[in-house]
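Please read the following report beside the sequence and the model.

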Amino acid sequence: MLRAEQVTDAVAYHGEGPCWSPTWGGLRFVDLLAGDLLTLRDDGTVDRLHVGEIAAFVRPRTRGGYVVGLARGIGLADAPDALPTPLPELWSDPGVRMNEGGCDAAGVLYAGSMPYDAAPGGATLYRIAPDGDVEVVLDDVTISNGVDVSPDGTLAYYDDTPTGRTDVFDVVDGRLTHRRTFVDHGDASPDGLTVDAAGNVWVALNGDGLVRCFSPRGDVLAEVEVPVRLTTACTLGGPDLRDLYVTTSRENLDDPEPAAGALFRVRVDVPGRPVLPYAG
């Protein structure tokens, strides 16, 4: 069992979506319900940039700047610390908000939603091409969460949290096909995930204070203990991409741990990969 160390104070109410990119100086994550991007600086301080009602995820763009998940769609910024320009909303229902997102090797963005009341089947996973074309990948989702691809780009891993599973797709001609169970987590709630350079899948288990690492065959390789129940997402970063960063939350907790909402980190053996940017 690995144990994560606390890196920041409890800076977020609902920390999510960590992403390492040299384009903005290292580690960036979101305080989702505050609508803020949080950037960890070299001196340990955290800068906050308010981008809207919701800031669901953030990824760099190939042309510079970033893409961010907003309340009912995405926004694009041309510089790392610039404000985003919202694109047309993907839906109109104010009871549904954007949640997690991630990109494939071709620069396609996969972004998913969730109903505020977590109504079963009320969410959608979208495919947003670099030219802005939008397709529905899944239309019977409840809480669309972590999504990432294998190092060779042939597989995509995905969490719809209430299913208790991490699923895997084949990636064929730029489309996700043949969805099937990769790992059944039982009573646990899989949230954000990331794939390392060896194809191992790291999954944050929300409510259990754990991040668990699975081999490409689905075997448990490692566990990271975090002293906060609501572990929301993880990514690999640092100069050698061997720092596993974990975001946490205090959302709706009557008795949150003092560190709930802090960022955590632990050193791991297998490095991650450079983040896959959005080509739009």
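Trp 202 stands opposite Cys 213 in β21, and the two strands concerned, β20 (residues 201-206) and β21 (residues 210-214), pair in the antiparallel sense over five bridges. Strands here are DSSP runs of E of at least two residues, numbered from the N terminus, and two of them pair if DSSP finds at least two bridges between them. This is a predicted model, in which local features need pLDDT of at least 70 and side-chain atom pairs count only at pLDDT 80 or more, whereas totals for chains, interfaces and linings use all residues. Residues are numbered from 1 along each chain as its sequence is written, and side-chain values use heavy atoms, with hydrogens and water left out.

Strands β20 and β21 belong to an open sheet of five strands with mixed pairing, in the order β1-β22-β21-β20-β19. Its edge strands, β1 (2-3) and β19, each pair on one side only. Elsewhere, strand β5 (residues 36-40) and strand β6 (residues 46-50) are also antiparallel, with five bridges between them, and Leu 38 has Arg 48 in β6 as its bridge partner. These strands form a hairpin with five residues between them, and Gly 44 in the turn has a positive phi of about 90°.

Rolling a probe the size of a water molecule over the atoms shows where empty space is left. On a 1 Å grid over the protein atoms alone, a cavity is a set of points where a 1.4 Å probe fits but cannot get out, a pocket is an open set with protein on both sides within 12 Å along at least five of seven lines, and lining residues have an atom within 4 Å of a point. Grid points are joined across faces, edges and corners, and a volume is the space filled by probe spheres set on the points. A search of the whole structure finds one cavity of 30 Å³ or more.

| Space | Volume | Lining | Nearest the centre |
|---|---|---|---|
| Largest cavity | about 310 Å³ | 24 residues | Arg 59, Asp 148, Thr 194, Thr 235 and Val 275 |
| Largest pocket | about 370 Å³ | 17 residues | His 14, Met 114, Ile 143, Asn 206 and Glu 251 |

The elements that give two or more residues to the lining of the largest cavity are β3 (15-21), β11 (96-103), β15 (144-149), β19 (189-195) and β23 (231-237). For the largest pocket, β11 and β19 each supply at least two lining residues.

Ser 144 is found in strand β15 and has a relative accessible area of 0%, so it is classed as buried (under 20%, with exposed over 50% and partly exposed in between, for a 1.4 Å probe and protein chains only). The Ser 144 side chain makes a polar contact with that of Tyr 158 (2.8 Å), a polar contact being a pair of N or O atoms within 3.5 Å; within protein, one must be able to donate a hydrogen and the other to accept it, and residues adjacent in sequence count only if both atoms are side-chain atoms.

Asp 167, in strand β17 (residues 165-172), is likewise buried, at 1%. Its side chain makes polar contacts with the side chains of Arg 165 (2.8 Å) and Arg 179 (2.8 Å). Not counting residues up to four places away in sequence, Asp 167 touches residues including Tyr 158 and Arg 179, where contact means heavy atoms within 4.5 Å.

Key:
Helix = DSSP H or I, 4+ residues; strand = E, 2+ residues; numbered from the N terminus.
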